[in-house]
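Subject: A structure for you to look at

Hello,

Here is the structure I promised to pass on to you.

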Amino acid sequence: MHEKNLQQHWFALRPLLAIRNEEQYEQAIEHLNDLIDEIGKDEALSLYELLDTLGTLIHACEEQHHAIPDCSGGEMLGFFMEEHGLTQASFPEIGSQEVVSEVLSGKRELNVEHIRALAKRFHVPPAVFI
């Protein structure tokens with residue numbers, strides 16, 4: 001490939017691969033969401049590698065600049081409920097509304113099965129709820 005072609009490709013990709021401030025972070029999130037909408041989880045598509053790379057860059061940026069504070073599994077559940085507009089009745093994988101209420105108030109801990117189900121539902125690592 002000639003240097004001119006390489007430069008054209010690099011200029012097209014550079015905005016996706018450079019996350020140095022909040023604006024670039026927000027743009028990277030938008031691009032990632034667009035890629036997810038376009039290709040989903042089809043690893044056979046050639047753009048999946050770009051999606052994977054962009055996701056890795058965003059994760060590294062979040063680890064460095066947007067660290068998740070220490071909080072309980074119940075507090076994380078409350079966060080996801082608020083983010084997704086869910087109610088206590090939205091979690092049959094945990095149990096009744098009473099059980100969910102106890103988890104949210106800190107009276108009850110999430111068990112291993114709850115954590116696995118929530119991690120799968122919200123597409124996050126189980127450690128988020130530990």
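Below is what I found in it, starting with the overall picture and ending with a few single residues.

First, some ground rules. This is a predicted model, in which local features need pLDDT of at least 70 and side-chain atom pairs count only at pLDDT 80 or more, while totals for chains, interfaces and linings use all residues. Residues are numbered from 1 along each chain as its sequence is written, and side-chain values use heavy atoms, with hydrogens and water left out.

**The overall picture**

The protein has six helices and zero strands. Helices (H or I, at least four residues) and strands (E, at least two) are DSSP runs, numbered from the N terminus. The C-alpha atoms fill a box of roughly 65 × 30 × 25 Å along the principal axes. The radius of gyration is 19 Å, whereas a compact globule of 130 residues would have one near 14 Å. That radius is taken over C-alpha atoms, and the globule rule is 2.2 Å times the number of residues to the power 0.38.

Of the 130 residues, 27% are buried. Here buried means under 20% relative accessible area, exposed means over 50%, and partly exposed lies in between (1.4 Å probe, protein chains only).

**The aromatic rings**

A search of the whole structure finds four aromatic pairs. Rings of Phe, Tyr and Trp (its six-membered ring) pair if their centres lie within 6.5 Å; planes under 30 degrees apart count as stacked, over 60 as edge-to-face and the rest as tilted.

How are the rings of Phe 80 and Phe 122 arranged? Their centres are 4.6 Å apart and their planes are at 20 degrees, so this pair is stacked. The pair links distant parts of the chain, with Phe 80 in helix 4 (residues 73-84) and Phe 122 in helix 6 (residues 112-122), 42 residues apart. Both Phe 80 and Phe 122 are buried.

Phe 122 also pairs with Phe 91: the ring centres are 6.3 Å apart and the planes are at 45 degrees, so that pair is tilted. This pair, too, links distant parts of the chain, since Phe 91 is in the loop between helix 4 and helix 5 (97-105) and Phe 122 is in helix 6, 31 residues apart. Phe 91 counts as buried because its relative accessibility is 0%, and Phe 122 is buried at 10%. Ring pairs join Phe 79, Phe 80, Phe 91, Phe 122 and Phe 129 into a cluster.

**A few single residues**

Is His 114 buried or exposed? With a relative accessible area of 9%, His 114 is buried. This residue is found in helix 6. Leaving aside neighbours within four places in sequence, His 114 is in contact (heavy atoms within 4.5 Å) with Glu 93, Ile 94 and Glu 109.

His 123 lies in the segment after helix 6 and is exposed, with a relative accessible area of 62%. Most residues other than glycine have a negative phi. His 123 has a positive phi of about 55 degrees although it is not a glycine.

Lastly, Gly 85 sits in the loop between helix 4 and helix 5. Its relative accessible area is 64%, so Gly 85 is exposed. The C-alpha atoms of Gly 85 and Ser 96 are 18 Å apart, and the two residues are separated by 11 residues along the chain.

Enjoy exploring!
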